[in-house]
Amino acid sequence: MPSTARERARADLTAEITDLARTQLATVGATGLSLRAVARELGMASSAMYRYFPSRDELLTRLIIDGYDALGAAAEEADDPTAPPAQRWLAVCRAVRRWALAHPHEYALLYGSPVPGYAAPRDTVPAAARVGVVLGRVLGDAARAGLLPDAPGRTPTLVSSETAEVLGGDHPSLDDGVRARALLAWSSLFGAVSFELFGHFVGSVVDADAFFDHAMQDLSGLLGF
């Protein structure tokens, strides 16, 4: 928390800048994001804006981290560790979809087309992994509770050690084959949400809610829940 009046004023103005930038996402998209336009809306000189965000890319990075954090928080709040794994998985998936449908432009910034000329820094990785950490916790808890079938045997290395740590950690029931299926389920969740949000299911899906739940339940079976 900012402790001085100057720090509080800076935090408030930074929040106002990012709020206006999110509004820009809805009207001109990430490629049209402009520090000058935000400065105009705030009645600031462009040179003053650069004291808060020295470049458009730094503002984009802030928006991306904020978006991932908001999405991750929604997933974390939806998870009930006392529920059975299949229910936990479905609740988290539903929370991801709800957030995406409520914040389509922010979701598009995270999972839509890359912004030309922008490369996300490593700073974005912890926030981007938050949903995966929640899903990995569900998988790991199921393994430690004896609710997953034993792994059939050694499999080739398919996922990185960092991803393996996110997807449940070390347990005899979690071999690389299970982790690969977990990564497939994780990516399929976002694939289903992206197809719906970007209109690719139009004419193919009759009931979007029912289809999503059915697909996520199939993926939970893939995980062994």
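Student: Where is Thr-14 placed?
Tutor: Thr-14 sits in helix α1, residues 5-28. "Helix" here is a DSSP run of H or I with at least four residues, a strand is a run of E with at least two, and both are numbered from the N terminus. This is a predicted model, so local features need pLDDT of at least 70 and side-chain atom pairs 80 or more, while totals for chains, interfaces and linings use all residues. Residues are numbered from 1 along each chain as its sequence is written, and side-chain values use heavy atoms, leaving out hydrogens and water.

Student: Why is Thr-14 called buried?
Tutor: Buried means under 20% relative accessible area, exposed means over 50%, and partly exposed is in between (1.4 Å probe, protein chains only). Thr-14 comes out at 11%, so it counts as buried.

Student: What does Thr-14 touch?
Tutor: Leaving aside residues up to four places away in sequence, Thr-14 touches Tyr-52, Phe-53 and Arg-62. Contact is scored when heavy atoms are within 4.5 Å.

Student: Which UniProt annotation covers residues 11-71?
Tutor: UniProt's unreviewed entry gives "domain: HTH tetR-type" for that stretch. Such annotations may be inferred rather than shown by experiment. In the model, residues 11-71 are 75% helix and 0% strand.

Student: What makes the crossing of α5 and α10 right-handed?
Tutor: The crossing of α5 and α10 is right-handed. The axes of α5 (residues 85-102) and α10 (residues 176-197) come within 10 Å and cross at roughly 35°. Axes are lines fitted to C-alpha atoms, for helices over the stretch in contact, with angles from 0 to 180 degrees between N-to-C directions.

Student: Which residues of α5 and α10 meet?
Tutor: On the α5 side they include Trp-89, Cys-93 and Val-96, and on the α10 side they include Trp-186, Phe-190 and Val-193. The contact residues divide into 11 nonpolar, no polar and two charged.

Student: Is Val-193 buried or exposed?
Tutor: Val-193 has 2% relative accessibility, so it counts as buried. Beyond residues up to four places away in sequence, Val-193 touches Val-96, Arg-97, Ala-100, Tyr-107 and Phe-212.

Student: How many aromatic pairs does a search of the whole structure find?
Tutor: Six. One of them is Tyr-107 with Tyr-111, which is tilted, at 5.0 Å centre to centre and 35° between the planes. Rings of Phe, Tyr and Trp (its six-membered ring) pair if their centres lie within 6.5 Å; planes under 30 degrees apart are stacked, over 60 edge-to-face, and the rest tilted.

Student: Why are Tyr-107 and Tyr-111 separated by about one helical turn?
Tutor: Because they are four residues apart in helix α6, residues 104-111. Tyr-107 is buried at 0% relative accessibility, whereas Tyr-111 at 26% is partly exposed.

Student: Why is the pair of Phe-201 and Phe-211 edge-to-face?
Tutor: Their planes sit at 65°, so the pair is edge-to-face, and the ring centres are 5.1 Å apart. Phe-201 lies in the loop between α10 and α11, while Phe-211 is in helix α11. Phe-211 has a relative accessible area of 36%, so it is partly exposed.

Definitions and conventions: Left-handed = near helix turned anticlockwise from the far one by under 90°. Nonpolar A, V, L, I, M, F, W, Y, C, P; charged D, E, K, R; others polar.
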